[in-house]
Amino acid sequence: MLIFAMEAGGQWNRRPWITLFFLLCFEKLVTAQIKYSVPEEVKEGSFVGNIAKDLNLDISNLGHRRFRVVSGSDDALLQVNQNNGEFYVRKRIDREQLCDGNAVCSISLKCVVENPLEVHYIEVEITDVNDNPPIFPRSEQQFEMAEHTPLGTRFQVQTARDPDLGINAVRLYKLSQNELFDIDVRERQESKIPFLVLKKALDRERQNKHRLVLTATDGGNPPKSGTISITVIVLDTNDNRPVFTRDSYSTTLQENAPVGTVIITINATDLDDGMNGEIEYSLGENVDGQVRDLLMLNKVTGELEVRGKIDFEDTDVFKLDVQASDKGQPPLIAEAELSIKVIDVNDNSPEIEITSLSSVISENANPGTAVALISVSDKDSGVNGKVICTLPENVPFELKSSFKQNMYSLVIKGRLDREETSRYVITITATDLGQPPLSSSKTLNIQVSDVNDNSPEFSQNVFELYLPENNAPGGSVFSITALDKDLNENAAIVYNINQGDVSSFLNINSETGTIYALKSFDFETAKTFQFQVVASDSGSPHLSNNVTVNMFILDQNDNVPVILYPVSANGSAEGVEEIPRNVNAGHLVTKVRAYDADIGYNGWLLFSLQEVSDHSLFGLDRYTGQIRTLRSFTETDEAQHKLVILVKDNGNVSLSATATVIVKVVEPKEAFAASDVTNAVKDEEENNVTFYLIITLGSVSVLFIISIIVLIAMQCSKSSDYSSKYLQDANYDGTLCHSIQYRSGDKRYMLVGPRMSVGSTLAPGSNRNTLVIPDRRRRDSGEVRL
């Protein structure tokens with residue numbers, strides 16, 4: 001047997017122990033066995049040996065003898081060159097794949113040569129090289145260890161496998177640097193089995209998972225190694241209590257927060273794992289049921305939510321105990337304090353409480369008198385609870401603050417006047433200073449009691465009474481009324497006339513103010529007079545007021561005209577007038593004079609011819625009473641004519657008188673002679689008439705002047721609303737008469753004689769003897785008419 005070896009790298013190394021055996025068997029068959037050694041993983045084409053030389057075969061005739069190597073596999077790893085006999089590596093040789101980890105790995109071949117036939121056996125030993133690192137079956141291995149695992153406990157780790165053999169196999173294990181674990185290797189047959197050993201107590205809360213690296217190294221040169229990741233999961237033991245993130249919690253919450261509002265989230269942690277570290281939250285055992293109705297703690301999330309209506313006015317702060325409990329057996333519990341400050345919201349209107357000292361106040365109460373005590377309150381706090389009270393501006397009251405906050409006194413600010421305002425409905429408004437402000441109000445009814453502080457008042461400063469003469473005695477002529485703004489007895493009025501000189505013909509009803517005439521008045525005797533009516537109340541002390549009443553007697557047609565000329569004799573007025581026959585037309589024959597004691601239309605006289613002998617000869621002026629000739633006398637005219645003149649006033653029922661004038665027509669000479677005698681008689685008669693006229697005119701003038709003076713005095717005592725009521729006499733021409741003008745309200749009354757002013761109108765009334773002249777200066781004043 002011939003053995004050759006080839007070192008890695010393709011270089012052969014002839015070893016001393018290589019031998020060649022030649023064996024001969026059976027006749028001519030020559031056999032031999034050659035053994036080569038080649039390392040694995042050599043390059044393709046690497047030289048293994050020269051079979052021809054090693055078998056001493058002639059190289060030159062190898063082809064002739066059909067030199068070849070016979071392999072049992074079509075995919076031969078080794079090949080021989082038939083020309084020169086060199087034996088070389090045809091393909092990569094992997095000893096671990098080829099021999100599957102066997103300690104001895106070799107390839108057996110046959111070398112055949114013919115002519116003569118020779119069969120030689122070739123054995124090629126594949127030697128191992130360190131071409132494989134140690135390999136663990138898995139890349140990771142996981143261990144679960146409880147926190148309380150005893151020290152020294154061993155845990156078997158996977159063994160690394162190395163296909164290489166001998167020194168190239170696994171030689172040692174090394175564990176990565178750590179404080180808790182070590183590696184221990186036990187040999188079992190040819191394998192080295194590693195164990196993980198606990199050398200220090202585990203603490204899952206400190207580190208719940210440990211990652212280690214175990215390295216297996218072979219003995220090759222250079223050495224190769226393989227690693228495995230070892231994960232140690234520390235299993236929890238319930239050895240830790242839950243811990244809150246804070247020892248105490250505090251937060252704020254607005255009142256009226258909606259249900260479901262999250263107030264705060266409390267949080268606790270438990271270093272344990274699993275059920276031991278799973279936490280449930282709850283309110284402390286000392287939290288009462290009322291708080292539990294308002295607040296709810298989510299046991300899983302730790303969220304504290306609003307469950308009911310939060311009212312600052314009920315509770316301004318919540319102080320709670322909260323608990324966190326794990327689910328270990330037995331469970332461990334931790335507690336913390338929770339303080340919730342409720343923030344006030346302006347949700348309460350102020351409340352007003354009124355303590356009325358008196359609901360009735362005298363109108364003469366002094367300013368500063370307290371009427372009521374007012375207390376205001378607001379359940380809110382801070383600015384929301386500060387309240388301001390106000391009153392309407394148009395009331396004579398004010399609020400005065402007390403020394404105590406939110407206490408007020410309602411006092412009188414100014415003078416009260418029941419007659420102006422008898423009842424006050426005072427609205428007291430309380431407004432807080434919140435945003436937005438809230439307010440409330442209450443009303444207080446205050447009745448003002450009466451004091452006798454008002455005198456009776458008449459509707460006018462001066463009353464004018466117009467009374468027709470010849471009135472019926474005892475009849476009501478006027479009613480005067482005064483008003484008193486006070487109440488009850490303070491307003492009960494008593495009337496009286498304060499002038500004793502009129503008490504003989506006037507009387508007044510003390511309760512109603514109705515004035516009665518005690519006698520019949522005569523215009524021709526008294527035309528006007530003045531008196532005062534006093535109105536007194538029944539209060540204490542009595543208050544009174546008076547008013548002036550001007551009484552005017554209105555004329556009625558109660559006087560018959562009186563013939564002044566011709567002079568009456570034996571109850572008949574008759575006169576004789578002589579005129580010459582040769583007078584012309586328009587000659588004044590005579591003038592009939594008459595007087596009527598009445599005035600105005602009642603005294604306005606008109607003259608008419610009631611009877612005349614010749615209407616064509618004489619004419620009568622109806623206003624003046626003058627008789628004049630209408631034409632010249634003729635020879636045929638009678639010498640004597642009788643004229644009956646009717647003198648009539650203008651009353652509603654006219655009164656009249658007649659006068660007769662005899663006109664004698666004489667010749668001129670007779671007329672002159674007779675005229676001297678007549679003139680003497682006439683002078684005497686006229687002297688008498690003049691005397692009567694002077695007396696009459698003097699009396700009328702004196703009465704008229706007195707009336708004017710009285711009216712001027714009354715007018716001066718009146719206010720500017722009353723203009724002069726007396727006008728100048730109307731001009732007239734003719735018979736003697738009276739003329740008086742006066743005013744009532746916006747009408748002017750005029751009592752006139754003949755030839756009235758143009759534009760005057762006849763006023764309806766008694767006897768139709770009064771003219772009304774419109775006054776354009778005053779159209780709104782009233783008129784007192786009877």
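Trainee: What handedness does the link of C99 and C105 have, and what is the angle about the S-S bond?

Mentor: The link of C99 and C105 is right-handed, with 70° about the S-S bond. Please keep in mind that this is a predicted model, in which local features need pLDDT of at least 70 and side-chain atom pairs count only at pLDDT 80 or more, while totals for chains, interfaces and linings use all residues. Residues are numbered from 1 along each chain as its sequence is written, and side-chain values use heavy atoms, with hydrogens and water left out.

Trainee: Why is the link of C99 to C105 called a disulfide?

Mentor: A disulfide is defined as a pair of cysteine sulfur atoms within 2.5 Å, and the S to S distance from C99 to C105 is 1.4 Å, so the pair meets the definition. The structure holds 1 disulfide, and both of its cysteines, C99 and C105, are buried.

Trainee: What makes C111 and C389 count as buried?

Mentor: Buried means under 20% relative accessible area, exposed means over 50%, and partly exposed lies in between, with a 1.4 Å probe and protein chains only. C111 has 0% relative accessibility and C389 has a relative accessible area of 11%, so both count as buried.

Trainee: Are N56 and N406 buried or exposed?

Mentor: N56 has a relative accessible area of 61% and is therefore exposed, whereas N406, at 17%, counts as buried. N56 has a positive phi of about 60° although it is not a glycine, and N406 likewise is not a glycine but has a positive phi of about 65°. N56 lies in the loop between α1 and β6, and N406 is found in the loop between β31 and β32; these element names come from DSSP runs numbered from the N terminus, with helices being H or I of at least four residues and strands being E of at least two.

Trainee: Which peptide bonds are cis, and what is omega in each?

Mentor: A cis peptide bond joins Q329 and P330, with omega about -5°, and the bond from Y565 to P566 is also cis, with omega near 0°. P330 lies in the loop between β25 and β26, while P566 is in the loop between β44 and β45.

Trainee: How do you know that β51 pairs with β47 and with β50?

Mentor: Two strands pair if DSSP finds at least two bridges between them. β47 and β51 have 3 bridges, and β50 and β51 also have 3, so each of these counts as a pairing, in the antiparallel sense in both cases. R628 of β51 is the bridge partner of L588 and also of G619. In the hairpin of β50 and β51, which has 5 residues between the strands, G625 takes a positive phi near 80°.

Trainee: What makes up the lining of the second largest pocket, by residue class?

Mentor: The lining divides into 7 nonpolar, 5 polar and 6 charged residues, where Ala, Val, Leu, Ile, Met, Phe, Trp, Tyr, Cys and Pro count as nonpolar, Asp, Glu, Lys and Arg as charged, and the others, Gly among them, as polar. β13 gives the most to this lining, with 3 residues.
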